[in-house]
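Dear colleague,

Here is the structure I said I would pass on. My notes on what turned up in it follow below.

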Amino acid sequence: MPIYKAIDNFLSAYPNETDFWEIVNKNLTQKVLAENPALNSVEINLEVLPTNRLPYDRASIVSIA
């Protein structure tokens, strides 16, 4: 499965909707690296759009080597 599809599946099926986006990003980055042994490092920039409850942009960058 292509990495982009695995990321889409991960985000669509993420089990804990109360996790902060930084935790989601950390878990996603670890999963991508674990499932792709040919990669020796991964950096994911996760951006979250504003909502009515949190009306500002949010983002985090996680790098794992």
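**Aromatic rings and what else was found**

The count of aromatic pairs comes to one. Please keep in mind that this is a predicted model.

Two further items concern rings, and both involve Arg58. The charged end of Arg58 sits over the ring of Trp21, at 5.2 Å from the ring centre. The charged end of Arg58 also sits over the ring of Tyr56, in this case 5.9 Å from the centre.

As for the overall layout, the protein chain contains two helices and two strands. Their order along the sequence is α-α-β-β. The C-alpha trace spans about 40 × 20 × 15 Å along its principal axes.

Next, the two helices. Two packed helices are described by the angle between their axes and the distance between the axes. Helix α1 covers residues 3-12 and helix α2 covers residues 21-35. Their axes come within 11 Å of each other and cross at roughly 140°. An angle over 145 degrees would count as roughly antiparallel; α1 and α2 are therefore oblique to each other. The crossing of the two is right-handed.

Which residues in α1 and α2 meet? From α1 they are Ile3, Ala6, Ile7, Phe10 and Leu11. From α2 they are Val24, Asn27, Leu28, Lys31, Val32 and Glu35. Sorted by class, this contact has eight nonpolar residues, one polar residue and two charged residues.

Regards

Conventions:
Residues are numbered from 1 along each chain as its sequence is written. This is a predicted model: local features need pLDDT of at least 70, side-chain atom pairs count only at pLDDT 80 or more; totals for chains, interfaces and linings use all residues. Side-chain values use heavy atoms; hydrogens and water are left out. Axes are lines fitted to C-alpha atoms, for helices over the stretch in contact, and angles run from 0 to 180 degrees between N-to-C directions. Helices (H or I, at least four residues) and strands (E, at least two) are DSSP runs, numbered from the N terminus. Angles under 35 degrees count as roughly parallel, over 145 as roughly antiparallel, 65 to 115 as roughly perpendicular and the rest as oblique. A crossing is left-handed if the near helix is turned anticlockwise from the far one by less than a right angle, and right-handed if clockwise. Contact means heavy atoms within 4.5 Å. Ala, Val, Leu, Ile, Met, Phe, Trp, Tyr, Cys and Pro count as nonpolar, Asp, Glu, Lys and Arg as charged, and the others, Gly among them, as polar. Rings of Phe, Tyr and Trp (its six-membered ring) pair if their centres lie within 6.5 Å; planes under 30 degrees apart count as stacked, over 60 as edge-to-face and the rest as tilted. A charge sits over a ring if NZ of Lys or CZ of Arg is within 6 Å of the ring centre and within 35 degrees of the ring normal.
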